[in-house]
Amino acid sequence: MVHGSYPQVGNAKHNVHVMNISTGKKVKGGSSKLTGRVLALSFDAPGRLLWAGDDRGSVFSFLFDMATGKLTKAKRLVVHEGSPVTSISARSWVSREARDPSLLINACLNKLLLYRVVDNEGTLQLKRSFPIEQSSHPVRSIFCPLMSFRQGACVVTGSEDMCVHFFDVERAAKAAVNKLQGHSAPVLDVSFNCDESLLASSDASGMVIVWRREQK
């Protein structure tokens, strides 16, 4: 991923590196080692906190110096030992009603996990979870900030049941608000365009479907 002048990369050798975009070299003090292969990276909105997830079920937070590119390891959360963390998505607020910083995580647990960020070092506290099918595929999820500003507090995720699932994270009951069907293989990734009028979903067979939001 890219943040400012310092792209960040994770690799199969368990490393997170901050690169200098001008020289193409690693930044001094900008490398750290995780417990497993790095599968997911996400920054908070200000760009001062970086989270990294690995294939052994851990999420690490790092303090990021935007002036120098230096990384300082802060906290570690074991989501579930041995369950790969395949997606991390950060938001400074979920909706007008839920204004606490949050992290959305997929981790091969047949659940989509929503965490609250409780301090400036990126400590995570589980807020709630939502049922999906994910036991082996690298499924990803995202927040829906514009949709959440208008109605509810929505997130969307792929799933191994070949569907795209929408959840309202602030609903105490019946959090599932929509399910899109059309894929013939596990749905791996989802992405909105800038105004969230179009949603693209991709599956394990290589198919991409573009969905148009109904205008009310």
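Two strands pair if DSSP finds at least two bridges between them. Strands are DSSP runs of E with at least two residues, and they are numbered from the N terminus. By this rule, Ser201 has Ile209 in β19 as its bridge partner.

The model described here is predicted, and its local features need pLDDT of at least 70, while side-chain atom pairs count only at pLDDT 80 or more and totals for chains, interfaces and linings use all residues. Residues are numbered from 1 along each chain as its sequence is written, and side-chain values use heavy atoms, with hydrogens and water left out.

**Domains and their interface**

The protein is assigned domain 1 (1-131) and domain 2 (136-215); such bounds come from an automatic or database domain assignment. The centres of the two domains, taken over C-alpha atoms, are 21 Å apart. Domain 1 contributes 22 residues to the contact and domain 2 contributes 23 residues, where contact means heavy atoms within 4.5 Å.

Between them, domain 1 and domain 2 bury about 1,800 Å², and 60% of this lies on carbon and sulfur atoms. Buried area is the accessible area (1.4 Å probe) that two parts lose on being put together, summed over both.

Across this interface, 8 residue pairs are in polar contact, both residues being at pLDDT 80 or more. A polar contact is a pair of N or O atoms within 3.5 Å; within protein, one must be able to donate a hydrogen and the other to accept it, and residues adjacent in sequence count only if both atoms are side-chain atoms. On the side of domain 1 that touches domain 2, at least two residues come from each of β9, β10 (102-106), β11 and β12.

**Salt bridges**

Side chains of opposite charge can pair when their charged atoms come close. A salt bridge is counted where a side-chain nitrogen of Lys or Arg is within 4 Å of a carboxyl oxygen of Asp or Glu. The rule gives 7 salt bridges, and 1 salt bridge is counted between domain 1 and domain 2. Lys127 and Glu170 form a salt bridge through their side chains, at 3.0 Å from N to O.

Another salt bridge joins Asp55 and Arg37, whose closest N and O atoms are 3.0 Å apart. Asp55 lies in the loop between β6 (49-54) and β7 (58-64), and Arg37 in the loop between β4 (26-33) and β5 (38-43), so the pair ties together parts that are 18 residues apart in sequence.

**Sheets and strand pairs**

Strands of a sheet pair through backbone hydrogen bonds, either parallel or antiparallel.

| Strand pair | Bridges |
|---|---|
| β7 and β8 (71-78) | 7 bridges |
| β11 (111-117) and β12 | 7 bridges |
| β18 (198-203) and β19 | 5 bridges |

Arg116 stands opposite Gln125 in β12, and Leu63 stands opposite Thr72 in β8. The hairpin of β7 and β8 has 6 residues between the strands, and in this hairpin Gly69 takes a positive phi near 85°.

Notes:
Helix = DSSP H or I, 4+ residues; strand = E, 2+ residues; numbered from the N terminus.
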